[in-house]
Amino acid sequence: MAKLALAKGKKLRLSKSNGSDLKRVEIRLFWTSPAGKPYDVDATALQVRDSQDKRFPFGRTTGLDEVCFYGQPETTGIVSSGDDQAGGDKEGAPNETLTIDFSQLRDICTSVPVILTIDKARKLKQTFSEVTNARVELVDIDNDEVLVTSDLGDLAAGSISALFVVFKREAEG
C-alpha cells in the first residue's frame, strides 16, 4: 500500500505505470471529535465543465443535480456514504466517504473538485486544527491502494474548508 503525502498546491498524475488510468476512487474522511464538542466534517464533489469566463477557474457546474454531498448523496457517477454528525472513532473505518466512478460521469464533465468543510463551523466556532486525528485519503478502489493521504490538522490556523483535490479529464488523442 503506497501512501503519498502531498504538499499544498502540488500536482500528481493519477495514472498507472502501465498507462491505465484510474477508474474508481474513494475519498475517505477520518476524524474524532473532542469530548463534548461534536464536529461534522463533510466532503462535497461536483461535476464541472470548462468555462471561458475567468471568474470560474475550475469551470461551471454541469447542474445542481450533479453536486454530491450529504444532502444529495447520489449523483451521476458519485456516491456519498452519508452524514456522520458526531465524528466518533470507527475502529479504523472512515467516518464518511465519497466514491467516484469516472466512467459514469457526465460526458460534458471536464473536472471534479472535492471540497472538505466543517458543517456550521462559523456558528460553532470550529476549525480543522481542533479536530482530533482528522485526515483524508484518496484510494484506488480497484486495487484497494491508498494513493494520497493528508492530515487536515495541518491546514492553516482557522481553516474551516479546504479544496482537497481536483480530478481533471485529459483530452483524448
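In the predicted model, Arg 55 and Asp 53 form a salt bridge (a side-chain nitrogen of Lys or Arg within 4 Å of a carboxyl oxygen of Asp or Glu), their closest N and O atoms lying 2.5 Å apart. Arg 55 is exposed at a relative accessible area of 62%, whereas Asp 53 is partly exposed at 24%; buried denotes under 20% relative accessible area, exposed over 50%, and partly exposed the range in between (1.4 Å probe, protein chains only). Salt bridges with shared partners join Glu 26, Arg 28 and Asp 144 into one network. Seven salt bridges are counted by this rule.

Arg 24 pairs with Asp 142 in a salt bridge whose closest N and O atoms are 2.7 Å apart. This pair links distant parts of the chain, 118 residues apart: Arg 24 belongs to strand S1 (residues 24-32), and Asp 142 to the loop between strand S10 (132-140) and strand S11 (145-151). Strands (E, at least two residues) are DSSP runs numbered from the N terminus. In the salt bridge of Arg 28 with Asp 144, the closest N and O atoms are 3.6 Å apart. Arg 28 is buried, with 19% relative accessibility, while Asp 144 is partly exposed at 49%.

Asn 95 occupies the loop between strand S7 (78-80) and strand S8 (96-101) and is buried at 10% relative accessible area. A polar atom of the Asn 95 side chain lies 2.9 Å from the backbone nitrogen of Trp 31.

Residues are numbered from 1 along each chain as its sequence is written. Local features require pLDDT of at least 70, side-chain atom pairs count only at pLDDT 80 or more, totals for chains, interfaces and linings use all residues, and side-chain values use heavy atoms, with hydrogens and water left out.

Methods: Helices (H or I, at least four residues) and strands (E, at least two) are DSSP runs, numbered from the N terminus. A polar contact is a pair of N or O atoms within 3.5 Å; within protein, one must be able to donate a hydrogen and the other to accept it, and residues adjacent in sequence count only if both atoms are side-chain atoms.
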